[in-house]
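Subject: Structure for your review

Dear colleague,

Please find the structure below, followed by a summary of what was found in it. I would be grateful if you read the two side by side.

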Amino acid sequence: MVSWEYPTTKETLYSCEVPTAPIRLTTIVEADAKLKPMANIEYLDLQINPVGCPVGKYGLLCHKTCICKNGARCHGFNGACKCPPGWNGVACDIPKQDVSITTTPSDPRDIYISANVTFHCKTHHVDVVYLSVILPNKAEKVGFGVNETGFVVPNIQPTNNGPYTCQVRDTRGNTLNTTFVLKVTNCAPDTKGARCDEVCGCLQGASCDRWAGCVCPPGWTGTRCQTKCPHGTYGQDCAMNCACQNGATCDKNDGRCECEAGWYGMDCSKPCNNGRFGWRCRQICACKNNATCSNVDGSCACVTPWTGRDCDQWQTSRDEPLLESLVPLGSLVLLVAIVMTILYKTGILACSAPDTGDEDKILFELRRMEQDLAQSLQPGWLGRWEKKIRHLTPGPLIGEGMFGLVRKGNLRTPEGELAVAAKTARVEDSQSYRDFYREAAILVAVHQQRDGDCRESNIVRLVGLITKSAEKYILLEYAPKGDLLGFLRRIINVNEDGLLGSLLGYAVHIARALQELERLRIAHRDVAARNVLITADDVAKLADFGLARDVYAANQYVRCNRPGVDELLPLKWMALESIETGEYTCQSDVWSFGVLLWEITTLGKDPCYDGRMQLSFLQMVGILRQGIRLEKPPGCPEDLYRLMRSCWRDVADSRPTPEEIVERLLQLRRALLPHDVIEMETVV
Ligand code: AMP
């Protein structure tokens with residue numbers, strides 16, 4: 001057991017590092033009462049909530065000693081003494097003629113109806129001739145020549161409420177007085193009624209109100225809070241209606257939904273996706289050949305001519321008729337394809353793509369993916385960014401992805417030629433089509449929201465869109481230094497003074513990009529060094545909002561093992577909840593940001609969990625559920641690794657916000673950079 005004292009002034013989250021080797025968390029095995037090691041602890045988070053200085057201390061860090069005498073209390077911040085009756089002066093050490101009246105119980109909140117209350121009237125440094133207490137009913141209790149007097153009021157009632165004045169006359173004829181006002185309204189704990197003589201007997205820790213009886217905690221009802229909220233209701237007085245869908249049960253306390261197998265989301269309205277099914281979408285579908293998988297039990301609905309439990313068997317009995325019907329059908333398809341190609345080549349079809357109705361179609365697709373995103377787009381969003389294909393001169397290839405290519409290009413603008421990165425998309429397959437418009441829509445939404453904000457954004461700048469030609473482009477500002485991953489891997493002088501400090505500057509930029517996205521309530525879903533670009537001015541910008549799952553696909557993305565949903569996922573960058581349920585949030589981006597920090601610190605190494613480079617879905621979940629995380633890179637400052645670990649907390653809400661990350665990174669950076677660099681940056 002380790003304990004320590006650490007003066008603190010504000011609410012702070014402290015992380016406690018415990019050495020792994022000698023300390024083990026143990027549990028007692030019931031049968032033989034042996035100690036069995038449970039787990040090693042490496043990190044422990046403590047939430048410390050300071051409430052004030054200890055007795056006799058004051059100041060911001062409670063390091064100053066209080067000078068107050070005679071039992072006086074000391075003000076926590078400035079040390080000023082609050083003198084008790086009978087004392088005066090800065091240190092409460094100068095006697096003062098005084099009179100005081102107190103009660104037992106001393107705290108008025110502890111005085112209940114029917115309690116016996118004692119009143120104490122006391123003089124301090126007074127030569128008393130005459131001492132009296134005047135009661136609310138004007139009756140007077142008098143004492144001669146005594147310094148104090150006391151009396152009991154048994155079974156106190158509201159009729160005893162009012163002022164109790166203690167009055168004293170001294171030998172020189174001076175009169176001093178003080179008054180205590182009694183205001184008793186509450187019954188004793190667990191009693192109620194006009195005379196406080198009925199017992200409440202509340203259950204579930206409910207409080208007992210004099211008039212209302214038991215005030216039940218959320219989720220309970222009944223005179224003694226003995227009944228759970230009826231089905232479909234929850235909360236205080238069971239007044240809220242549950243929003244849970246698809247047979248989910250609703251937490252009686254806060255209405256949170258516990259989804260049935262096959263469903264997830266706040267109200268359990270979303271069916272498992274990404275080829276998952278079952279409780280918390282933990283199981284992976286085995287259906288083959290474009291079969292539809294039931295989100296509830298994983299059963300497969302096959303498409304002809306496939307059959308079998310996993311739809312992986314050919315329906316042999318109908319081979320011949322099927323073949324017969326397929327041959328003419330095949331010829332027809334071929335004919336249509338030839339005609340379409342001719343029309344396309346001659347330009348009849350080539351320019352018919354997106355027009356006015358197209359925006360609605362795209363919005364519909366976006367709404368299916370992200371309601372918020374679709375809502376943040378104003379009508380005409382697509383057209384406002386449209387550029388002409390003839391104004392673009394495509395140049396060399398600078399990046400390649402699974403669903404698109406990136407070329408350097410020149411765009412003719414009224415202001416002159418502008419270097420751009422032109423991202424193309426193969427929009428003929430539905431996934432690429434969605435990815436293309438999702439990226440375009442996010443960039444438009446971000447730029448729309450920033451309208452009028454002249455601060456530099458840390459999201460790659462959208463220059464325009466080309467959607468009205470066969471070849472579609474997203475035109476972005478050109479970042480000549482390429483992506484961060486390549487940049488990190490090209491660093492030669494790895495021992496350069498202040499290198500990590502200056503690289504953390506890029507991390508600060510990306511944390512700011514996450515702040516921007518958080519404001520827009522957009523999750524990026526693929527925060528990683530490969531998706532960060534470095535501009536000519538050395539600013540890191542977040543890019544790749546969904547188009548190109550790129551050239552690293554082979555080793556960075558794991559193919560979701562299901563035909564039908566052929567998706568590549570960046571497993572090693574993904575938050576636990578995203579892997580388990582396919583749900584992405586701004587907090588899951590924070591998790592990925594932690595991995596990006598790890599990439600920066602290792603100068604672009606491939607993340608490796610538990611010594612393994614390639615991991616399946618289930619292996620990854622198992623590893624993360626055991627609490628295993630990426631290891632501290634050699635030479636990584638302790639505080640920086642702690643920040644990474646906080647990004648990888650299981651509970652998404654307990655991860656730091658992008659704003660907190662920026663603040664902590666700036667502190668870390670200041671500690672790592674040489675002084676002259678910081679001064680230079682401050683001047684800039
Ligand atoms: P992305 O599909 O956005 O991940 O882009 C694939 C690759 O193309 C990136 O890793 C970069 O090397 C390059 N690239 C993408 N956008 C730009 C840009 N705006 N400026 C320079 N290079 C880019």
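In what follows, buried means under 20% relative accessible area, exposed means over 50%, and partly exposed lies in between, computed with a 1.4 Å probe on protein chains only. This is a predicted model, in which local features need pLDDT of at least 70 and side-chain atom pairs count only at pLDDT 80 or more, while totals for chains, interfaces and linings use all residues. Residues are numbered from 1 along each chain as its sequence is written, and side-chain values use heavy atoms, with hydrogens and water left out.

Salt bridges

A salt bridge is taken here as a side-chain nitrogen of Lys or Arg within 4 Å of a carboxyl oxygen of Asp or Glu. The structure holds 17 of them. One joins Asp107 and Arg109, whose closest N and O atoms are 2.8 Å apart. Arg109 is exposed, at 65% relative accessible area, whereas Asp107 is partly exposed, at 23%.

A network of salt bridges links Glu580, Arg625, Arg629 and Asp650. Within it, Arg625 and Glu580 meet at 2.9 Å, N to O. Arg625 lies in helix 11 (residues 617-625) and Glu580 in helix 9 (residues 576-581), so this pair ties together parts that are 45 residues apart in sequence. Helices (H or I, at least four residues) and strands (E, at least two) are DSSP runs, numbered from the N terminus. Glu580 is buried, with a relative accessible area of 8%, while Arg625 is partly exposed at 43%. The side chain of Arg625 also forms a salt bridge with that of Asp650 (4.0 Å, N to O). That pair links distant parts of the chain, 25 residues apart, with Asp650 in the loop between helix 12 (638-647) and helix 13 (658-672). Asp650 is partly exposed, at 38%.

Arg276

Arg276 is in strand 30 (residues 276-277). Leaving aside residues up to four places away in sequence, Arg276 touches several residues, including Cys281, Asn295 and Phe617; contact means heavy atoms within 4.5 Å.

Lys423

An unreviewed UniProt entry carries the annotation "binding site" at Lys423; such annotations may be inferred rather than shown by experiment. Lys423 lies in strand 38 (residues 416-425) and is buried, at 6% relative accessible area. A polar contact of 3.2 Å joins its side chain to that of Glu439. Such a contact is a pair of N or O atoms within 3.5 Å; within protein, one must be able to donate a hydrogen and the other to accept it, and residues adjacent in sequence count only if both atoms are side-chain atoms.

Strands 16 and 17

Strand 16 (residues 162-170) and strand 17 (residues 175-182) run antiparallel and are joined by 8 bridges; two strands pair if DSSP finds at least two bridges between them. Tyr164 has Phe180 in strand 17 as its bridge partner. The hairpin has 4 residues between the strands, and Gly173 there takes a positive phi near 90°.

With kind regards
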